[in-house]
Structures are given as C-alpha cells and as structure tokens.
Amino acid sequence: MRVKVRVFARLRELAGRGDWDDDVDDQGGHASAATVWLAAVRRHPALEPFGGAISCAVNARFARMTTTVHDGDEVAFLPPVSGG
Amino acid sequence: MRLLAITADPLSVDALVGAVERAARARGEGCGAVATFVGVVRATHHGRRVTSLVYEAFDALAERVFERIQTETGDAWPEATVGIHHRIGRLDIGEASVAIAAAAPHRVQAFQVCRYAIERVKQIAPVWKHEFFEDGEAWVEGAVADPDDEDARATARARACA
C-alpha cells in the first residue's frame, strides 16, 4: 500500500524533507503507524534515535503507534512539542 | 474573526478579545470578565542571546487540537468562551507568539480558563519553536504530545485552579 509520510521540526531537518510517499507492506490489513515509522527509519536512518519520543497522527488526527493504517493514509510523526 | 487560528500574521490581542466577547454575548452567557495571556519572544534563553525564533506547526492538526482544548474548557467551565491564536513563521524579540482570551461571567473562571488553555497548548499543540542565537540555533522540545494523557490534563487543571 502507498502512504504519505510527514515529519516536522527536528525530524524534518534530519530527514532533509518534510514529506514523502512510501510503499509499505500492508501486512494483511494489520499495518500500523509503527510499521510506517520503521519504513521511515529505513529510508532516513537519522530518525532512528527519536522513535522513543514521538507522537503520531493519521490523516491529521492524533493516533497511537498501534493505529491501523490503510492505503492512501497520511501518517505524521511529531517530535516533542514546544508551542506557546 | 475566528476564535481559533494558526496564522503567519502578527497577533492582535484587541481583535481576539473583541471576538471572544462577541461570541460570549451571542451565546447568551453573561460576560463580566475577559482574561488574556500573551506569550512573547524572549531576548535570552538559558543565558544565550536570542536573535529570532521560527515557529512551525502542523496546521490541520493544530486547529483540531485547539478545538479539543475549547471542548475541554467548555466541559469544565460551561459559561466561559475561549479564543486561541498562535503565530507561525519568523518572529522577532518582543513579538507575540500566542494570544489566548477567555470570557466568563466572573474573573475566577476567566483566569482559570486562560491558564488551562495555555497549559494545554504547551502540552499538546503540534507547534515547534526553533531558536536562533548569536552563536547557533536549537530546536526547543517539551512534552511528547498525548491528548489522551489524563495526568497531563489533571496537571493543567490543577495549575489553572491553583
């Protein structure tokens, strides 16, 4: 399946880009945001150390790394926030 | 003017206060107080001289997060009306990065809603601050955003009502 991946702030800088499309194994309908993250890390290994401190969003709604992802979804990974 | 916004334009506290007051009156609630909070770009961070800041946001998600904060304040303070505007892009020292206004029948709720809203913005809004110093730059990283974290929500509530 094909998903759109988005990353922000420090993750965007480390990846060298803010979004890309990725072909991810749909694991028989069980692919999750974590599956997409692992694919993102394979593509951009510099992201790997940050996997323990990220939030994720699927189609611009907060999600869990266990949230199931479908073909065409947009999956975003967010470093710790610092608004205000 | 919308009560909730992410914008690259300079923030206007007066305009936000006016919008919150009008919304409060339109809801038929008595408006006896408006409290405001304005976050401003500081000249130093841990002793280093800041030259400018750049704020980045995940706009679509941030607007939903502001709606969520509005729902949370509505649940806890049903008579209050809140507005949240957050700036993005490059800001100079002294410019407003975030403006929050809360209208309520009485000052206690207005202050509480204002404080709760800024605490929640800091906890869960998908916004990032990139600081530029005279001698370098750094991303500021605070909380791992988790809107369902009840402990974080309780902390915001406790600070609001302290």
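## The A–B interface

In this predicted model, chain B and chain A bury about 2400 Å² between them, and 56% of that sits on carbon and sulfur atoms. Buried area here is the accessible area (1.4 Å probe) that two parts lose on being put together, summed over both. On the residue level, the contact draws 33 residues from chain B and 24 residues from chain A, with contact meaning heavy atoms within 4.5 Å.

Now for the polar side of things. Between chain B and chain A there are 21 residue pairs in polar contact, both partners at pLDDT 80 or more. A polar contact is a pair of N or O atoms within 3.5 Å; within protein, one must be able to donate a hydrogen and the other to accept it, and residues adjacent in sequence count only if both atoms are side-chain atoms. Four salt bridges turn up across the interface of chain B and chain A, each needing a side-chain nitrogen of Lys or Arg within 4 Å of a carboxyl oxygen of Asp or Glu. One of these pairs Arg12(A) with Glu56(B), whose closest N and O atoms are 2.5 Å apart.

## What chain B brings

Several elements of chain B give two or more residues to the side that touches chain A: strands S4 (48–57), S7 (96–104), S8 (127–133) and S9 (136–140), plus helices H2 (59–76) and H3 (107–124). The largest share, five residues, comes from H3(B). Helices (H or I, at least four residues) and strands (E, at least two) are DSSP runs, numbered from the N terminus.

By class, the side of chain B that touches chain A has 20 nonpolar, five polar and eight charged residues. For that tally, Ala, Val, Leu, Ile, Met, Phe, Trp, Tyr, Cys and Pro count as nonpolar, Asp, Glu, Lys and Arg as charged, and the others, Gly among them, as polar.

## Inside chain B

Thr73(B) sits in helix H2 of chain B. It counts as buried because its relative accessibility is 3%; the cut-offs are under 20% relative accessible area for buried, over 50% for exposed, and partly exposed in between (1.4 Å probe, protein chains only). Not counting residues up to four places away in sequence, Thr73(B) touches Pro78(B), Val82(B), Val113(B) and Tyr116(B).

## Around Thr35 in chain A

Thr35(A) belongs to helix H2 of chain A and is buried, with a relative accessible area of 12%. A polar atom of the Thr35(A) side chain lies 2.9 Å from the backbone nitrogen of Ser32(A). Leaving aside neighbours within four places in sequence, Thr35(A) is in contact with Val24(A), Asp25(A) and Gln27(A).

## Two positive phi values

Gln27(A) is worth a look for its backbone: phi is near 50 degrees, a positive value in a residue other than glycine. Gln27(A) lies in the loop between strand S2 (19–23) and helix H2 (33–43) of chain A, and counts as partly exposed at 41% relative accessibility.

Ala60(A) also has a positive phi, near 60 degrees. Its place is the loop between strand S3 (55–58) and strand S4 (61–63) of chain A. Ala60(A) counts as buried, with 8% relative accessibility.

## Confidence and bookkeeping

The predictor gives the complex an ipTM of 0.95 and a pTM of 0.95. Chain B averages a pLDDT of 95, and 100% of the residues score at least 70; pLDDT is the predictor's confidence in each residue, from 0 to 100.

Residues are numbered from 1 along each chain as its sequence is written, while chains are lettered from A and ligands numbered from 1 in the order in which they are written. Local features need pLDDT of at least 70 and side-chain atom pairs count only at pLDDT 80 or more, whereas totals for chains, interfaces and linings use all residues, and side-chain values use heavy atoms, leaving out hydrogens and water.
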